[in-house]
Amino acid sequence: MIAEDLRNTKLRSPWSNRDWRKALVYGLGLSGLAASRLLLSRGVEVVAVDERPEDQLKLGSLRETPGFQLVAGGELKTLPANLDGIVVSPGVPSDKALLEAARQAGLSVISEVELAFPLLDGPVIGITGTNGKSTTTELTGAILRAAGRDVEVCGNIGEPISGRVDGPEGRVFVVELSSFQLENLETFQPEVAALLNLSPDHLDRYASFDDYVAAKGEIFRNQGAENLAVINGDDPAVVALTARARARRRMFSRSSEVKDGCFLADGTVWEAVPGEAPSALFERRDLGLDGAHNLENAMAASLLARPFGAESSHLKVALKSFQGLPHRMERIGKGGRVAFYNDSKGTNVAATAKSLEDLPDGSVHLILGGVHKGDDPSLLAGLIQRKARRLYLIGESASVFGAALEGVVPGETSGTLEKAVASASRQAAPGEVVLLSPACASFDQFSSYAQRGEAFRALVSALPEAIHG
């Protein structure tokens, strides 16, 4: 179990150690809005900056809140007077000229996660990785609820951590963290942290894969020997990155036995603790979701929840009832001649690869494309050759994927999701699969992966029922 008095020994963020009277919030997405509300509720004047025009911002009651000043519709050239610090939203690159000027002026530049952390009144579980973060975060929350804990599931999953600060004492905060949210941290120290996997992503923002990996590693920076680091023992990059972690490392593995953590053997997931005989945590059949990647997510979630009172019985209850997340290998319709899967959350090459792994060989009509994030589409070639029957390329990266995968399997440039669904549904034979797993961001044609997934659902639902069931 985690020591109950651990939080009293933690560092505290500079902003909470001195009186902040005025702060700049850079970026007014969900995180920036939540940070602004939190600062205002603590009596801090806020200058909020966003390059978008005001009519595109969802400010709500902030417009009328005393102490709130908006600078919208352009780049701020100079720092406002009398600032005590800056809170940066995850969508804002850390190398912005204004932020560099603030650092040179001696101002603290922190993330929204760092802003909220010292105000949390319960233990924190932090979860990051290239893929599987949202599923693992929700599943960890479900296990803890089954164990009777009061849980806040927040972070990159949709509700910023700053919006969950106020509430009953003793809650366990289960926080999904993107690489962007792990930038500009100073004292963030989760009691338990997980790194699920590493593969190239967001290379449109980071100069190299090494820079991206370094950002992910920030989740462990302030952990000590009293903390836990849950890591994927089957991912060499994860193992290498955490080799010098000060926290106790607990590994999960589908392929081999581990000394500390959990592993799969003969359909059972076993927990290993040094000096003790392995004990059964759950059976593979207890998990209500298909796919090797979901088994890994379940193993990680189990290790994350165990220090907070989750027993094997709680794991089994949560795993059996958990139905997965929208837009992540979500089966649309059942019983028709073709299976349709909405994997709009597959926004990078590695995520699409995971989704293809468990589908029948030679059966997949794969819809790819959107905003390319800099990873290498050719890494999918071998898997596509084995799994796919035809490709349908959409969005601004259609030519990039077309060039990288030319000749692997037949394909077409559909351009739009509507045309891709129409063509794939005509050409798919009974028993085959139409999979939307774009390996790209959505922002060329959609506002988010969720909107793209909803559009796919609507297009499939409009097909004759004999096709999709």
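Reader: Which residues do ring pairs link into a cluster?
Author: Ring pairs link Phe180, Tyr206, Phe209 and Tyr212. Rings of Phe, Tyr and Trp (its six-membered ring) pair if their centres lie within 6.5 Å. The model is predicted, so local features need pLDDT of at least 70 and side-chain atom pairs count only at pLDDT 80 or more, while totals for chains, interfaces and linings use all residues. Residues are numbered from 1 along each chain as its sequence is written, and side-chain values use heavy atoms, with hydrogens and water left out.

Reader: How many aromatic pairs does a search of the whole structure find?
Author: The search finds four aromatic pairs. In one of them, Phe180 and Tyr206 are tilted, at 6.0 Å centre to centre and 35° between the planes. Planes under 30 degrees apart count as stacked, over 60 as edge-to-face and the rest as tilted.

Reader: What does that pair tie together?
Author: Phe180 lies in the loop between β8 (172–176) and β9 (192–195), and Tyr206 in the loop between β9 and α6 (209–217), so the pair ties together parts that are 26 residues apart in sequence. Helices (H or I, at least four residues) and strands (E, at least two) are DSSP runs, numbered from the N terminus.

Reader: Is Phe180 buried or exposed?
Author: Phe180 is buried, as is Tyr206. Buried means under 20% relative accessible area, exposed over 50% and partly exposed in between (1.4 Å probe, protein chains only).

Reader: Turning to helices, at what angle do α13 and α14 pack?
Author: Helix α13 (residues 417–427) packs against helix α14 (residues 449–461) at about 40°, with the axes 10 Å apart.

Terms used:
Axes are lines fitted to C-alpha atoms, for helices over the stretch in contact, and angles run from 0 to 180 degrees between N-to-C directions.
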